[in-house]
Amino acid sequence: MPYRAVPCGAVPCCLPGAAWLLCLPRRAPPGSAQRAVGGEGRRQRAGSGESPPRPQAPPSTPPRSPVPVPEPQRDRHLPGGAAGAALLPATGEYVKNPRPSIKQKFIYASYSLVTGLLAHSLGRQVKGPMSSECLENFLRITLRVEYFEDKYLSFSAVDQSGIAWELDEALASQCGYTVTYSSWNNIEFRASALSCHSHLEKDTFTVTIQVKASHTPDMKNASIHLKSASCHYGPWSLRELLCETNYMEVSVRRDVPQIVKDLIQEEPEDWTLGFPEAKSGEASMWQIVFHQPEEKRALLVSDAWSAGYGLNTTDTRILLRVPYNAAQTQLVKAQGITFSAVRSSIFYKQQWMILMVDTAVACPVDGVDYTNKTIIWTVPKYIQALCTGATSFKDVLVEAGVNLHKLSVEEMASRKYVLSNDFDVITMKVPIGAEGGYYKTSVNSGQHGARYCINLFLEHQWEDNKWGLTKHTIIKEIETPFELVELTVTNNSNLSARIMNVTVGMFLLDVELVNLTIEGATLTVPEAVQHGYRIYEIKYANQSKAYVIHVSFDAQSIKKEYLRDDIRTYTLNVTLEFIIHPTSETFSVPIVTLSAVKDAVLPSARGFCDENSLHLHITRGNVDQNWMPFISGRHLTPGAAQKYNYSLSDNGTHLAISVPFLSSLLDYEEIHTSGVLASLHLTLKDGVTLANKDFSVSCRFSPSELIKCLPNGTVVIIAVKLVRLADLDTSLLVLSDRNCKPSLVTEKTATFKFNVNTCGTRRKFNSTSITYENEVIYFRPGNDSPVYKLKFVCLYTIKQTVDVRYETKKNPSSSIKPGFSALDLSMKLFKDESYSDLYQELEYPVVKYLKETLYFEVELLQPADPRLELNLEDCWATNSKSQDSLPQWPILINGCGNSKDSNRTVFHKVNYSTRVKFPQHLKRFEVTMFTFIEGTTPLQKQLYFHCSVVICSTMPQPSDFLCQRRCNPGKHRLGEYTDF
């Protein structure tokens with residue numbers, strides 16, 4: 001069954017029905033100190049399988065749960081499935097280390113149990129996947145990391161018959177085996193000389209173990225490795241006490257049957273409890289009685305074995321092994337130190353005798369303090385549970401060491417260890433961080449830190465008048481409290497190469513980077529490599545390491561921001577997740593590093609105007625990923641473009657904005673003779689840094705854009721708000737008649753629509769035109785003096801509407817150039833003299849016989865000014881549409897009929913009617929149909945009639961001689977319109 005070993009001071013534990021999981025560090029290839037990380041993601045390890053059945057037979061015939069063991073062969077890989085050890089796969093290449101101080105690098109992986117070689121020797125064995133070492137009454141087998149990378153391991157002990165007994169945590173504690181970490185990168189298997197499957201011969205004990213190694217927790221296709229080693233053991237003391245990390249052990253000489261008189265008197269009922277079973281039992285059966293304050297309990301060996309106790313005999317010794325969590329253990333105090341203790345007596349039959357042996361054992365479970373960076377381990381010398389019946393004591397030897405190696409006085413002094421043997425206690429002081437121990441990474445509340453671990457042991461020998469010589473060996477794995485360790489993040493970015501280079505450290509070798517969280521997405525290391533990240537581990541000579549992360553400035557996950565001038569900042573924001581082996585604790589390190597680079601290409605703009613709009617074309621550059629366009633405080637978006645009547649287009653490299661001349665997004669600087677000066681101001685705002693970049697374009701537009709003089713006498717004026725009048729309220733603009741208010745108001749414009757005969761419009765006449773004038777005025781509330789005055793003029797002429805002068809005055813008055821317009825005249829042909837039925841468009845050309853009468857009507861449609869009168873000046877006929885074509889025949893000359901025409905033109909009076917509102921705006925006359933002749937031949941062509949009119953005032957104008965005519969007496973000419 002696979003094991004899980006817990007490092008540094010913790011007793012190995014096993015979940016019911018689960019496997020122990022061993023984690024070994026991975027090593028870099030020899031000669032390498034830096035390696036790109038990548039390849040396969042780390043697999044999670046989980047044990048499986050059921051716990052083996054508890055042995056029910058006494059130790060002399062251990063329970064059989066056999067696993068076939070290949071015949072031992074030295075230095076030969078035994079078949080048993082897939083290959084034994086596999087190298088850690090990786091995608092990155094190994095890079096030579098430029099620093100000579102950097103050593104080989106490891107990566108931790110998850111494992112399960114050993115390989116298949118059988119070695120048998122005495123003393124220290126170091127060849128093959130496992131090495132062995134004899135340490136007095138212990139055998140230590142160390143698994144070499146490079147053979148077991150990325151594997152699950154299961155341990156079995158092999159007995160003298162070649163049967164492999166698979167070990168779990170409980171059986172290991174019961175039989176005298178310990179699996180633990182000697183540091184973060186080594187797993188060691190320790191066996192007591194009196195372990196269940198040891199073979200004792202003379203002064204030598206032999207232990208054989210089998211290790212299975214598999215890539216899967218179900219141990220399929222496992223490779224098998226065997227290791228057998230023999231060790232000499234020294235002379236046994238009468239009583240030997242051992243405090244291992246996962247069990248307590250006591251062994252006593254069998255040839256010492258004496259029981260102290262006082263003890264017999266104190267416990268006479270022990271004989272009563274043990275005698276019946278011993279008397280009726282076979283020679284191989286024996287019993288144990290546990291002494292507790294409230295009761296005594298007797299168990300047969302089989303029952304004790306089922307309860308997890310280990311009992312064994314040799315030719316000369318009796319042994320009891322007790323797991324720390326056994327039911328009969330007690331916690332007792334000695335000199336303020338807590339001990340786990342078991343008071344027991346073992347009964348056995350030897351030929352015809354019944355013998356009883358005191359098998360009490362006690363081990364300290366605390367006694368460690370930490371003061372001034374020093375570990376202080378205190379052990380009382382004499383414990384009541386171990387000294388019952390003794391009255392005199394004598395120290396024989398006190399020795400101490402590390403990792404089961406005894407240290408001399410000189411070695412202790414060189415390491416600054418202090419061993420004190422006082423009257424009643426033994427004290428050992430070890431500086432935290434001293435040689436012999438190691439640091440391991442730890443996590444507390446998510447924070448990275450470290451703990452110092454050291455495996456101390458103490459051997460105390462004393463003589464007393466009960467036992468004679470007792471040897472008490474205590475193995476103590478010590479782990480110091482958590483100490484916070486600050487990590488350093490160093491930015492070594494290469495600006496010229498545009499590479500973000502970040503180093504994170506320092507870490508111990510038991511730390512592995514497993515994930516990176518980038519922009520909210522968690523990626524494994526291989527996935528991050530696929531996203532453009534290069535990740536390296538560097539190991540240093542002081543047994544620490546660092547991680548180096550390379551990523552291009554142009555990677556999608558690097559945030560780019562404009563800072564100022566030509567400087568951009570590149571920000572790496574990533575969270576690194578680490579795992580600690582073998583405990584599988586995790587912690588995270590957030591990294592935010594910033595590099596400033598002079599590579600900013602700022603946005604630039606080109607502005608221009610056409611007749612109707614202002615345009616800005618912006619070239620983005622490379623710093624506008626956060627820039628947002630604003631005009632007049634409004635964020636420009638496609639959605640707002642329709643609302644504010646502007647166009648916005650973006651092709652990724654250029655932003656084009658077009659705003660019409662009359663828009664609330666524009667600023668109007670001035671109105672002048674040369675035109676209306678309008679400006680478009682655009683601001684790019686960085687949404688993160690709030691930095692601004694301003695652009696503008698200004699153009700002059702014709703004032704005619706602000707005025708329309710329609711032929712029907714309607715005037716449309718658009719007054720604009722000037723920049724210098726920031727407080728102007730366009731809704732309060734009025735015309736000369738203050739009752740005339742705008743019909744449409746925006747933030748920066750006011751639109752007026754009115755007739756020339758209203759709103760206080762002034763009219764002027766001259767010989768060629770009619771001029772209408774008005775003003776747009778603004779009064780601040782409570783003030784009768786205008787601060788804004790915009791003068792406009794509409795001019796109508798007979799022949800055409802022309803531009804007329806306008807005036808501009810300093811504040812508060814402004815004037816605008818008038819728009820274009822024309823007199824609205826019509827000439828119609830009617831069917832009879834009632835002038836009620838006219839020819840429609842579809843009836844042209846009209847066919848008439850010679851001498852038939854044609855009825856014409858000429859009308860001034862607009863302006864509808866009752867002060868105006870229309871008079872006919874000249875009318876004539878042609879053969880084509882051109883009024884100047886030949887031949888021509890005059891019908892009216894200067895408003896009178898042609899005296900040379902035998903068919904005189906007849907005028908008809910015009911009266912007021914529902915159709916005729918202003919009779920003075922119409923003239924009616926009739927003409928007899930004729931045709932042109934060439935020689936004596938009539939021309940079969942169409943006739944076209946043309947008239948010119950004179951618009952006169954109904955009021956006398958003495959200076960206007962053109963309106964003073966014989967045929968139209970008393971009329972005053974104002975203008976004319978030609979070409980009907």
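Buried here means under 20% relative accessible area, exposed over 50% and partly exposed in between, with a 1.4 Å probe and protein chains only. This is a predicted model, where local features need pLDDT of at least 70, side-chain atom pairs count only at pLDDT 80 or more, and totals for chains, interfaces and linings use all residues. Residues are numbered from 1 along each chain as its sequence is written, and side-chain values use heavy atoms, leaving out hydrogens and water.

Let's start with Thr569, which is buried with a relative accessible area of 5%. Thr569 has its place in strand β42 (residues 567–580); strands are DSSP runs of E with at least two residues, numbered from the N terminus. Neighbours within four places in sequence aside, its contacts (heavy atoms within 4.5 Å) include Lys559, Leu563 and Leu594.

Now to the rings. Searching the whole structure gives 27 aromatic pairs. Rings of Phe, Tyr and Trp (its six-membered ring) pair if their centres lie within 6.5 Å; planes under 30 degrees apart count as stacked, over 60 as edge-to-face and the rest as tilted. Phe507 and Tyr547 are edge-to-face, because their centres are 5.9 Å apart and their planes are at 70 degrees. Since Phe507 lies in strand β36 (residues 499–508) and Tyr547 in strand β40 (residues 544–552), the pair ties together parts that are 40 residues apart in sequence.

| Residue | Relative accessible area |
|---|---|
| Phe507 | 1%, buried |
| Tyr547 | 0%, buried |

Elsewhere, one aromatic cluster is formed by Phe856, Phe907, Phe925, Phe930, Phe932 and Phe945.

Technical notes: Helix = DSSP H or I, 4+ residues; strand = E, 2+ residues; numbered from the N terminus.
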